[in-house]
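Colleague: Hi, could you walk me through this one? I have a few quick questions.

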Amino acid sequence: MGYLLNIENLETSFNTGDGVVKAVNGVDLVIEEGEIMGLVGETGCGKSVLGLSIMGLLPTNAEVKGTIAYKGLNLTGLPEKEIRKIRGKEIALIPQNPSTSLNPVLKIGFQVAEVFHLQQRLPWKKARQAAIEMLRSFDFPDPGKRAEEYPHQLSGGMKQRVLAAMGIAGEPSLLIADEPTKGLDALIRIQVVEILRQLVLRTSATMLLITHDLKVASCLCDKIAVMYAGEIIETGPTRDILSLPRHPYTRGLIASLPSNGLVPVRGLSPSLIELPAGCKFHPRCNQAAKDCAQKHPRLEIVDDGCKVRCLFNDQNCKPEKKLFHGSFQKEAG
Amino acid sequence: MRGVLTGDRYVWQKKRLNRTFSALKENKLAAVGLIIISVLVLMAVFAPLITLRDPYEQNLEIRLTGSNEKYLMGTDQFGRCLFSRLIYGIRISLTTGVISAVLTMGIGVFTGLLAGYFGGIMDELIMRITDIVLSFPSIVLTLVIAGVLGPDLKNIIIALAAVGWTKYARVVRGSVLSIKEQEYVESAKALGASDIYLLCRHILPNCMGPVIVIMTLSIGGAILSIAGLSFLGLGAQPPTPEWGMMLNQGVPFMRRAPHLTIFPGLAIMITVLAFNFLGDGLRDIMDPRLKSKLFQKF
Amino acid sequence: MLRYLLRRILMLVPILLGVTLITFSTMHLAPGDPAELILRGRLGGADPPRQAVEELREEMGLNIPFYVQYGKWLKKVIQGDLGNSFRTGRPVLTELLSRFPATLELALLSTLISLGIAVPVGIISAVKRNSFLDIFSMIGALLGVSMPNFWLALLLMMFFSLKLGLLPVAGYGGFRYLVLPAVTLGTGMAAMVARLMRSSMLEIISQDYILTAKAKGLPYYRVITGHALKNALIPVVTYVGLQLGWALEGAVIVESIFARPGIGRYLHESVFARDFPAIQGCVLFFALVFVFSNLIVDISYAYLNPRIRYEKGME
Amino acid sequence: MSRLTSGKNVLLLLLLVMCLLISGCGGNKVPQEKSAEGESPQEKIPQELVIGSPWTPKELDPVSAGWLVLRIGLVDTLVAIDYDINLVPGLAKSWEISSDELEWTFKLEEGVKFHDGTPLNAEAVKWSLERVMEKGTLFKDVPIKSIEARGDYTLTIVTEELFAPLAAILAKGEAAPVSKNSLDANGEFKEIIGTGPFMLSSWIPDQEAVLVRNDDYWGKIPTLDKVVYKGIPEAATRIMMLENKELDVAQILPADAVEQLEANPEIKVYTKPILRSRVIVLNMLREPFNDLRVRKAVNHAIDRESIVKHIMAGVDVAASGPFPPTTPWVNKNLQGYPYDLEKAKTLLAEAGWKDSDNSGIIKKDGKPFTVDLITYSTRAELPPMAEVIQDQLKKAGIQVNIQVLETGAAQSLREEGKFDMYLLARNLGFAPDPSYYLMSDFHSKNTGGKGWGAYGFNNKHVDELIELTQRTTNLQERKKYFAKLQEIIVDETPVMFLNHYVNVTAVRSNVQGYNEHPTESCFHLENIYIGE
């Protein structure tokens with residue numbers, strides 16, 4: 001089939017004291033071997049939950065339905081023991097928040113070496129050596145000394161690199177990078193993008209890049225899936241999505257980029273407890289029609305490789321002027 | 001001016017109170033604690049109706065009998081009804097516990113307000129004193145103060161207050177420091193409200209949440225301490241039906257009449273447990289940090 | 001690190017001054033003339049002659065201002081002279097030192113017991129939150145907190161010594177004498193530590209880095225023992241220092257019940273007998289142990305928590 | 001989603017191991033029995049005795065702790081007391097009084113050595129007694145003029161005037177001779193070196209004294225190799241320790257433990273009347289007990305028989321006067337104060353105390369009859385006795401507030417006069433001559449505050465009679481004086497006599513030869529051995 005990961009009709013919800021939070025609502029997503037898929041959306045749209053659903057790292061009050069087929073193996077409902085064999089070795093996660101995702105009381109050398117020890121069955125001494133080498137390859141000056149340091153002694157970018165090193169240390173087939181640029185200032189963001197780019201080049205890994213930052217996604221990804229309120233609303237090759245966005249939300253996202261004048265999408269993202277009926281986006285959509293409030297659109301194939309979830313995708317499917325231009329580096333420089 | 005400033009704050013506080021009560025209903029342990037305490041209070045108030053016998057009346061002919069149809073829990077070494085004494089003991093334990101907790105809180109809140117509101121030398125002085133008092137293991141200091149003043153329940157209460165106020169002082173001071181900067185306090189000040197008015201009307205009510213939690217928890221602690229010091233012979237004097245002292249008096253008869261040891265201890269434990277249940281529950285309800293944590297991570 | 005330590009020790013000076021001041025004042029809190037009390041002690045209860053009282057007042061400097069008296073007393077205390085016990089006439093310091101081992105043994109073993117019970121229970125409770133096991137052990141912990149330790153001591157004595165005859169009722173000697181007192185104290189402490197351990201663990205396992213550890217594919221127990229435990233223990237260790245103080249407090253009651261010749265019992269007897277030099281000695285001793293165990297805790301906290309260790313050291 | 005896998009099991013296992021460890025620690029430490037009797041006949045039964053007493057060994061200088069060192073056999077006295085309370089030779093083989101009745105000459109036992117090997121001779125005794133005169137309080141009412149060594153083994157004590165109880169006073173432990181080496185270079189007491197059947201091996205102040213046999217003892221050489229004397233203030237603890245084989249002898253137990261102890265086949269219980277009474281000292285220096293009628297009324301309001309029957313389990317004897325009926329000098333005609341609540345109320349009413357407002361508490365001039373009763377807990381039976389008395393007096397409309405204190409604290413309240421009633425157990429016979437007790441407890445010289453006797457009692461007639469007994473050697477005459485004294489004291493009742501002590505001591509059944517001395521002056525450990 002060629003699919004490394006095939007997610008079908010994934011639904012993830014949480015039972016909380018305030019009600020059932022529906023974070024992921026019927027997501028279908030295909031990631032092919034060797035490609036980089038960007039999962040883009042506003043904060044709180046469920047994209048991180050999607051990542052954690054794949055890893056089986058959700059808290060106990062979560063409920064997961066649907067299938068996540070990894071190399072033909074359904075991960076949902078897999079016993080903890082089995083899914084643990086997948087984690088780190090097959091699918092690795094580069095978690096968000098580098099500042100809090102490293103254990104403050106353990107030396108970073110150990111934290112990286114642990115993966116080598118665990119996943120590549122290296123004895124501790126060799127694992128440590130491998131960890132230092134790995135840190136060196138991430139441009140750590142004096143990695144032997146750095147390995148003896150604690151996370152709080154590192155800068156934000158360094159922490160991110162340590163996390164990236166931990167991610168690829170197990171030589172996974174699929175790497176999920178969760179918001180690697182969130183909360184970072186521009187300079188570090190460039191660094192991180194650079195790290196990821198190197199990563200991709202080096203490992204030729206398949207990657208799922210979860211980000212709210214369309215620009216980062218555009219720099220790195222082969223394909224982009226745009227997520228809104230727990231649903232994929234548009235997916236396709238990066239160039240197509242950027243040059244020919246078919247969904248009003250995607251267009252809104254593109255318009256809100258700094259290079260395009262920072263025009264935000266109006267309104268607030270909906271509460272995941274009480275989702276609007278019909279098209280989830282209609283309360284915020286400036287093209288919404290009567291039907292939008294009642295009919296829930298399906299994700300339909302509109303072009304080669306492109307899918308969109310909008311009742312009016314035909315009308316909208318017309319080439320517009322290039323909304324997005326320029327590369328990441330240029331702008332940041 | 002008063003009406004405008006206090007009106008919606010009053011409503012807000014009332015709302016918060018209501019919320020606390022409904023939360024209390026949900027928190028099972030706290031509810032159990034509250035129920036036990038209510039039952040204890042009722043038993044204390046209606047002690048003469050519940051018990052058939054005078055807790056002080058000796059009947060040496062029937063000393064140290066076990067539980068029987070006449071005496072629910074048997075008799076003590078003077079032939080007094082143990083059940084009556086335990087029930088009347090609730091009065092002693094609850095009143096001394098509550099009085100000492102309230103007194104402690106009063107001193108602590110007062111000093112905390114002074115330190116937090118006026119700051120400066122006053123603050124420095126009070127905080128240094130709390131540092132020093134907190135450098136003593138509290139029971140040791142309580143024991144010494146109570147002992148030096150002489151064996152008496154009253155002296156134990158004084159000693160407990162003299163040692164325990166520090167924890168309130170610190171909490172209240174912290175709250176005051178943060179509330180003082182709030183807008184409504186600033187505006188009231190600008191409108192010419194006096195210090196005392198500000199303290200009583202705005203600052204004090206807003207410190208009370210944590211204070212009430214600490215107090216509930218410390219009533220249990222106070223009852224435990226009072227019983228302990230009485231056990232050591234520094235508290236109640238005979239024939240007061242104080243549980244700690246009753247326990248101590250029962251020790252010589254541990255083999256022959258174990259009920260004299262078991263029941264008073266059980267009474268202490270249940271009472272303290274009830275206050276701890278309630279206090280724990282109140283803390284969970286009132287400390288939003290703790291509550292939200294449960295749902296924070298999805 | 002050194003500077004942090006120095007600063008921390010410097011901060012002790014005003015506290016120690018205050019502690020000694022309060023200790024010194026206890027004698028003046030009591031009704032009656034201290035000189036007369038001392039003389040009575042020396043004469044085995046006989047009425048001291050007026051003149052002797054006056055002489056001693058002069059000698060003790062009771063006729064000079066309070067702060068001068070305090071200064072003189074403090075000077076002696078610093079030189080290790082805590083005065084002589086009213087009851088026995090022997091130096092209080094000697095008495096304290098001879099009793100210290102009994103109390104130290106008790107405090108250490110009970111702390112050990114409490115940690116041995118509380119840490120695993122706290123971890124399991126946190127990991128299996130809201131399970132039957134969790135609720136059961138947390139209610140158990142609340143029971144432990146609410147149980148009067150003198151009652152527990154008596155119940156243990158009733159069962160293990162009187163009923164089963166396994167352990168001695170009271171006294172001081174080998175390990176057998178230590179078991180019941182230490183279990184009594186340890187149980188109460190365990191209840192508190194278990195609660196703390198649980199909440200600390202709960203807090204830690206919701207941290208991002210635990211997610212990271214799990215994402216590495218670590219087995220859950222390795223996540224807990226390797227990644228969560230060290231972090232979760234930090235507040236617990238802090239608490240254990242306070243616990244040592246708590247153990248000393250409990251020693252007053254437990255040593256009295258089990259007739260252990262420790263400092264707690266000594267304090268109880270001295271208070272009962274109004275033996276002021278002895279009371280002052282005990283109070284000072286307890287406060288010093290308390291203050292210094294807190295200091296040690298702070299240092300070990302800094303050691304456990306690399307953030308403090310380095311930042312404070314580097315500034 | 002279950003996230004608990006093997007991790008859970010590991011943790012559970014950990015917990016289990018910890019529990020096992022802890023319980024294991026207790027489990028394998030079962031106490032070994034002290035003697036393995038009957039198992040191997042050739043094995044010698046260890047001759048070790050552990051005594052539990054309420055009194056801790058605080059100090060060992062005979063001058064202040066003579067009672068203790070004599071009890072445990074570290075010292076001997078010149079004059080000893082036999083079990084019938086007669087004065088018999090001790091370190092002094094014989095003694096006589098000169099014809100002018102002022103010189104007492106003691107012939108000392110020859111060849112006696114102190115524990116350090118130095119000989120006991122007249123010089124040594126003289127030195128010791130002079131030290132007592134200088135440092136102690138024993139001789140404060142004794143008109144000693146001089147102590148002289150008239151020969152190696154002849155000691156003479158010269159008195160200013162005739163002092164009949166002198167020999168009896170020398171039987172007190174305080175007067176026991178010790179070696180000069182007991183003092184250090186500065187003249188401070190360092191260690192106890194006496195002549196007794198046992199020597200001190202080690203001593204932990206306030207806890208225990210360990211004694212070993214003195215193989216060179218001049219008298220009967222003890223069988224016991226080692227004796228441990230432990231101070232355990234709580235009676236309940238002593239009983240439990242005895243039952244748990246931690247003690248061989250548990251002394252001074254509450255009477256109501258007798259039944260329980262006798263049911264135990266491994267324990268023998270001794271009940272022995274001793275020269276000690278439980279009394280209440282009344283504060284005669286202030287209201288309300290400065291009124292004789294009130295004192296008499298309170299006496300009638302106390303049901304002594306009931307106290308003995310219930311609190312003392314019928315073991316002790318209700319008192320009608322200061323001395324127990326077993327003593328030779330008791331006045332058998334004394335009626336005492338029989339329980340009579342009506343009479344008490346009448347007397348109180350006569351004195352102006354009436355329940356005018358039916359509150360249950362009697363009043364005079366609007367002031368309620370509220371009194372403080374002080375007692376201490378080292379003698380376990382005193383606080384409960386106080387509670388019964390509190391209840392009994394309540395029936396007469398008297399409100400009693402009890403304060404249970406430590407012995408020393410109680411004593412100092414008494415000395416400051418801050419009490420109305422002081423309940424205590426009073427020894428009458430440390431010196432086996434009632435003159436000594438009457439002097440210290442009832443002579444106006446000694447009722448000002450310190451001491452254990454009457455408080456504020458000042459009766460010229462009593463003073464004269466006491467002085468007469470000190471100056472008379474004629475037994476019949478003395479007996480007459482004692483009878484008269486008892487009569488006055490009971491009538492004036494500065495002290496209420498409640499009951500006479502019957503000491504309860506329990507020993508493990510293999511302890512042989514334990515015999516409580518009626519004056520409690522000595523345990524005579526040399527007669528005790530371990531065996532069937």
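Modeller: Happy to. In chain A, 19 residues of domain 1 are in contact with 16 residues of domain 2, where contact requires C-beta atoms, placed from the backbone, within 7 Å. This is a predicted model, so to speak of local features we need pLDDT of at least 70, side-chain atom pairs count only at pLDDT 80 or more, and totals for chains, interfaces and linings use all residues. Residues are numbered from 1 along each chain as its sequence is written, while chains are lettered from A and ligands numbered from 1 in the order in which they are written.

Colleague: Where do the domain bounds of chain A fall?

Modeller: Domain 1 of chain A covers 1-90 + 174-263 + 300-333, and domain 2 covers 93-171. The bounds come from an automatic or database domain assignment. The centres of the two domains, taken over C-alpha atoms, are separated by 26 Å.

Colleague: Let's move to the sheet in chain A. What is the strand order in the open sheet of 4 strands?

Modeller: The order is β2-β1-β4-β5 (chain A), with antiparallel pairing. Two strands pair if DSSP finds at least two bridges between them.

Colleague: Why do β2 and β5 of chain A each have one side without a neighbour in the sheet?

Modeller: β2 (19-32) and β5 (73-74) of chain A stand at the edges with a single partner strand each, so one side of each is left without a neighbour in the sheet. For β5(A), 2 bridges join it to strand β4 (residues 62-70) of chain A, and Y70(A) has L73(A) as its bridge partner.

Colleague: What does α1(A) lie across?

Modeller: α1(A) lies across β1 (3-16), β2 and β4 of chain A, at about 70° to β2(A). Axes are lines fitted to C-alpha atoms, for helices over the stretch in contact, and angles run from 0 to 180 degrees between N-to-C directions.

Colleague: Switching to chain D, which residue in the hairpin of β4(D) and β5(D) takes a positive phi?

Modeller: That is E101(D), with phi near 60°, and the hairpin has 5 residues between the strands. Strands β4 (residues 92-97) and β5 (residues 103-108) of chain D pair in the antiparallel sense over 5 bridges, and A92(D) is bridged to L108(D).

Colleague: What about the hairpin of β6(D) and β7(D)?

Modeller: With 4 residues between the strands, G151(D) takes a positive phi near 120° there. β6 (residues 144-149) and β7 (residues 154-159) of chain D are antiparallel over 5 bridges, with T159(D) the bridge partner of I144(D).

Colleague: Last one: how many helices and strands does chain B have?

Modeller: Chain B has 12 helices and 0 strands. Buried residues make up 49% of its 298 residues, buried meaning that 20 or more other C-beta atoms lie within 10 Å of a residue's own, with C-beta atoms placed from the backbone (exposed is 12 or fewer, partly exposed in between).

How values were computed:
Two residues are in contact if their C-beta atoms, placed from the backbone, lie within 7 Å.
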